[in-house]
Protein chains: 2
Amino acid sequence: MNLSFIDPKAFTPARNGNALLTDRLSALATMNRLNALTAIKRAGSGHIGSSFSSIDIFTLLYEQRLKEGDVFFSSKGHDAPGQYACMAAVGILSIENVLDLRRLGGLPGHPEVGTPGVVASTGSLGMGLSKARGIALARNLRAHDGRVFVMLGDGELQEGQNYEALRSIANDGLSQVKVVVDYNKIQSDKYVRCINDLGDIEAKLSAFGWTVRRADGHDFDALTAGFEAMEADHSGPQILIADTVKGRGVSFMEAAPDDGDPTMVYAWHSGAPKDEDYERAIDELVQRVRTEHEGLSVEPPELSSAAPGKPSKLTPSADGKGAPPLTIAKAIGEELVALAETRSELLVLDADLADDCGLRDFENLQPRRFFESGIAEQDMVSTAGALAGQGFTPVCGSFASFLCARANEQIYNNTCEGRKVIYIGQYAGVLPAAAGYSHQSTRDIALMAQLDKTVVVQPGSAAEARALIRWAVESSEESVYIRSLIIPPPTDLETSPSGLSPVGCGVQLADGNDLTILSYGPVLLNEALKARAALSEHGVSARVVSMPWLNRIDADWLFDAIGEGPVFVLEDHSPIGGLGDRVAQTLASAPERAAGNALHVLGIEGLPACGQPHEVLQFHGVDAESVCERVLSTRGS
Amino acid sequence: MNLSFIDPKAFTPARNGNALLTDRLSALATMNRLNALTAIKRAGSGHIGSSFSSIDIFTLLYEQRLKEGDVFFSSKGHDAPGQYACMAAVGILSIENVLDLRRLGGLPGHPEVGTPGVVASTGSLGMGLSKARGIALARNLRAHDGRVFVMLGDGELQEGQNYEALRSIANDGLSQVKVVVDYNKIQSDKYVRCINDLGDIEAKLSAFGWTVRRADGHDFDALTAGFEAMEADHSGPQILIADTVKGRGVSFMEAAPDDGDPTMVYAWHSGAPKDEDYERAIDELVQRVRTEHEGLSVEPPELSSAAPGKPSKLTPSADGKGAPPLTIAKAIGEELVALAETRSELLVLDADLADDCGLRDFENLQPRRFFESGIAEQDMVSTAGALAGQGFTPVCGSFASFLCARANEQIYNNTCEGRKVIYIGQYAGVLPAAAGYSHQSTRDIALMAQLDKTVVVQPGSAAEARALIRWAVESSEESVYIRSLIIPPPTDLETSPSGLSPVGCGVQLADGNDLTILSYGPVLLNEALKARAALSEHGVSARVVSMPWLNRIDADWLFDAIGEGPVFVLEDHSPIGGLGDRVAQTLASAPERAAGNALHVLGIEGLPACGQPHEVLQFHGVDAESVCERVLSTRGS
């Protein structure tokens, strides 16, 4: 597989060509698209659609509009590959760095502070306007007159925090804040209008005290005029709605105009293109680069070759049975569909992640029992609580980091009302790690474990996930938070050989005499089994125990399960607030029983690192090799 | 002190009088005001201002508009005394229950599910519309045609979640949702317009797809017409903005019309009236009841007498020095004012709780360095992060339960960006307990303890609070979350006799040989000292150790501090996720050192109970007597 990019040095002829600005910018934007696409291909994942819809705006901003002292950031952050490519074109980043997208030590999947030129960490939506407010207030205090430019997504405008900040910024009179909306009309893979319509967006924004303008986001003349008008207007905060096309610039990636078809699924929101699609797209972009350079009467740039990315993979344990046919998300989704047949009270609520969370089939098969809030987790959770109060059994799906943190107070309020709600937090734990810390969830157990009448659990296998969701819907009298791995498990573990283990009790996966490794979730259980194999080569006999229940421990089961040696809790979570804390209280409350059970909690310390699966596990010291070393190091010289 | 109320049976003549409906409703509303005021006086706290601004609407709804099958709840919930009085008038609640406001076993300070006729637990703002959505969706599934009425506050409309739900409800076409806004123009104690202006509220709500109407909220004819129009309109969701006056109905409690004076402080937002104010108000209300009944040509009702409330108090320990001159909130506020003199980078951010959080002086003395988001914690926290990124040291104040839960993802994002922000969570812990579980905070340590580079700490005294805030501003390289008691501490403990104890280390308050009680915060440290005295009468010698650091433990200090006996962590927090977990990991990781240190975590289990201070501590088994008993019970027969 040959990967191509254009060195930023080769942008100079087009940039300085003797031609209309709009034509020069078009040529630069096409080259930026090519580099962004190669970065995504090399990373193995990334957001093509919104990188391409916004790249003309990025190109204009970095090439023309941003002046010394201005600040600019994208609040949505999905468009990082496009933004990075444009930053490399003007020398803020190196192209090598851009091509190292989503790797440890490379550029994160969503912009993060620490990268040159990045002033805001994004990836979770709706915070950007408040950050712009803070930057503008700070500058007012220092009588600094730079502008604060922010790019917003359209789907992002569903988050309630935007409306807090729109009001605050207007009331603070921060006219240096200039916002552009990449209005591509598709959020994730469906039309915004079908997910949760923004309605009359201009009226909404005007009502919040902003001056609203509108322009074709792919017409550099119109965009330039829009920015010029915004920049010249000091009457208050300004917003430019840029009408764009998702996937713009590669014919077969361009979204069809919004015809309101709720079944439309846009194919290029996230993920890397297949080889043949990459090649077709590059061919098209290279052809356009040539044509555009001809139009500028300058030589087209040479293509440089990039080595293919080598994403690190998770290798299954020898004890496993090979990867299961389905992800855990998909297994949960299938089971919900099956449960819906006999359980008319079962409902599913979504915050625009139905596909990733395996809930699309439920939506399609049970449209009257599927409710969409758009990117508005708080609304979803409070709506679910009220549905539960009316006798239904609502299931809320989202990514763990968004669901448990953004809607935490709403979840608490539901427990106060005694509502039974099933929360499914996909993307729990440190993997996949390529999207960066906004998406990785190593705090969610801590955020949920202390809730009244709420069980926190993570299945170690697809089979266990099925059993758990069935138990949660049919049997549990308490709310249940199921944290789930979203990527394919490395192996199919037998974590529930005889059905679901009783609440508070786990299952021994492999026996041993010297010590116990206690873990949960397919990824770290798999690493634990591999660590056991490695330890046996050092003459250490470790048992591996799967513990799906994360805030309920049956003390008798635990003492029985761990025998007499040390206990290593291998935690796909911060070492604070996870299973290790529950084990710790159990052990510490009975020192006479735990005399030989020294506890070691090996968790994800600090911020979760961005990168490929294995390299990130290694970075945090929770891959098999590191665990083996860490265990050995506790055994003295 | 003579407390008066009117028995609901005595409402009948006015209700059934041969007179205009508007006059009958006025008389009923006046009697409801009288009962609400007496409930607040008896409870020792409550929200007079918004009870009185909304009571005409409540009266109209309960007396006239609500039909079988309708649902109604107040989203703001501050108006509970007014709502309860109106519910008692129509027989949903007993008047005895209403007069037992804010007592254990009585009615909670904000409406809570479990009380007859209450369908939503409130007290935290902005969730009501999403709940209305859930109820309406549930009813659509069952082809149930009742209406869903919701009362919103005006300050409440600052919360972003409203705009998520406004959009969702409009998109779902839920025309059975009928909202009334108690638009009294004052939030807490200042004009909404001065805190964070709602701007053109009608334009905003219309832009979200709602039909907006407006009426005088104290004119029963206008209100009735407004409701009739809403009820007859099935074109989509409906909202009625009711222009009201905060404190309406008692001349000296009525707010002045909004003149935009930012220094105006409304005196009757929360708290009970003093005896003489209560008597003046009752005299005025009784006089009006008589006049109105005369107008109806019916006998005025007899007044009934209620026994005065006997709020349970916290009694100081014999070891203490008497109560300190200031609350901890006030001490922190004073110290911030002092720090501002020399630290020009110090800023304070507020979400409409400046007064309660002791930050009003800072606002008045440093207006350029004080930023107000209104009731919009997410905006406040993200703004603070951005200010930190620009080199400032921002301090965010709010109530712990709102700050740590509502803005949790924003706080995490700030840590991701490496921003040093100082978060002050007032109202932390189980006390004061009278406002109910929405305000009590027994989860905040769990929500914050695992954050990267964030220290969680609670001062045990005003002196320690001063030292801590100074350390947080001047010395800490990490973010600091200071949880704080908002009520006057029962006693002035010497928790920092020689300055602040090192991070991870606490201070022994009283010595002992048999066991250790480890605690934090003035309330439970005080109970611990009293428990020690009680234990000594049983021949048990307990040492009491104050541990302000809640997510940092110096293991050597701990083992030194606890000696050889059992350890009781007395936790003003859930037993999950608090200091007990940190102690547990420390002990469990070194079983050879902890052989005699059996751990017992005594925390607030389940939902925090509503009531007066001592009765709630007792309910949760964390008052001195319960602790003494629980300690003795672990020592065998």
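Analyst: Domain bounds here come from an automatic or database domain assignment. This is a predicted model, in which local features need pLDDT of at least 70, side-chain atom pairs count only at pLDDT 80 or more, and totals for chains, interfaces and linings use all residues. Residues are numbered from 1 along each chain as its sequence is written, while chains are lettered from A and ligands numbered from 1 in the order in which they are written.

User: Which domains does the assignment give for chain A?

Analyst: The bounds follow the assignment just described. For chain A it gives domain 1 (3-303), domain 2 (328-483) and domain 3 (507-633).

User: What is the mean pLDDT of chain A?

Analyst: pLDDT is the predictor's confidence in each residue, from 0 to 100. Where it is low, the predicted coordinates should not be read in detail. In chain A, 100% of the residues reach 70 or more. The model scores ipTM 0.98 and pTM 0.98, and the mean pLDDT of chain A is 96.

User: How many helices and strands does chain A have?

Analyst: Helices (H or I, at least four residues) and strands (E, at least two) are DSSP runs, numbered from the N terminus. On that basis chain A has 23 helices and 20 strands.

User: What radius of gyration does chain A have, against that of a compact globule?

Analyst: The radius is taken over C-alpha atoms, and the globule rule is 2.2 Å times the number of residues to the power 0.38. For 637 residues the rule gives a value near 26 Å, which agrees with chain A. The C-alpha trace of chain A spans about 80 × 55 × 50 Å along its principal axes. The radius of gyration of chain A is 26 Å.

User: What percentage of the residues in chain A are buried?

Analyst: A residue is buried if 20 or more other C-beta atoms lie within 10 Å of its own, exposed if 12 or fewer, and partly exposed in between; the C-beta atoms are placed from the backbone. Among the 637 residues in chain A, the buried share is 65%.

User: Which element gives the most to the side of domain 2 of chain A that touches domain 3 of chain A?

Analyst: Two residues are in contact if their C-beta atoms, placed from the backbone, lie within 7 Å. The C-alpha centres of these two domains of chain A lie 26 Å apart, and the contact takes 22 residues from domain 2 and 27 residues from domain 3. The elements that give two or more residues on the domain 2 side are α17 (444-448) and β14 (454-457) of chain A. The most, 3 residues, comes from β14(A).

User: Which helix of chain A gives the most to the side that touches chain B?

Analyst: The contact takes 87 residues from chain A and 87 residues from chain B. The top contributor gives 9 residues: helix α14 (residues 377-389) of chain A.

User: How are the two copies related?

Analyst: Copies are superposed by least squares on the C-alpha atoms of residues with pLDDT of at least 70 in both. A rotation of 180° with 0.0 Å of shift along its axis superposes chain A on chain B (RMSD 0.0 Å). The copies are therefore related as by a two-fold rotation axis.

User: Which residue of chain A has the C-alpha nearest the axis?

Analyst: Both copies use the same surface, as 100% of the contact residues of chain A recur in chain B. The C-alpha in question lies 2.0 Å from the axis and belongs to Gly160(A).

User: Is Tyr427(A) buried or exposed?

Analyst: Tyr427(A) lies in the loop between β13 and α17 of chain A. It has a positive phi of about 65° although it is not a glycine. Most residues other than glycine have a negative phi, and most peptide bonds are trans. With 26 C-beta neighbours inside 10 Å, Tyr427(A) counts as buried.

User: Is Ser297(B) buried or exposed?

Analyst: Ser297(B) sits in the loop between α11 (275-296) and β9 (304-306) of chain B. Its phi is also positive, near 60°. With 10 C-beta neighbours inside 10 Å, Ser297(B) counts as exposed.

User: What distance separates the C-alpha atoms of Pro613(B) and Leu431(B)?

Analyst: A cis peptide bond joins Leu431(B) and Pro432(B), with omega about -10°. Pro613(B), in helix α22 (residues 613-619) of chain B, has contacts that include Leu431(B) and Pro432(B). Pro613(B) and Leu431(B) are 182 residues apart along the chain, yet their C-alpha atoms are separated by 6.3 Å.

Terms used: Lists of a residue's contacts leave out its neighbours within four places in sequence.
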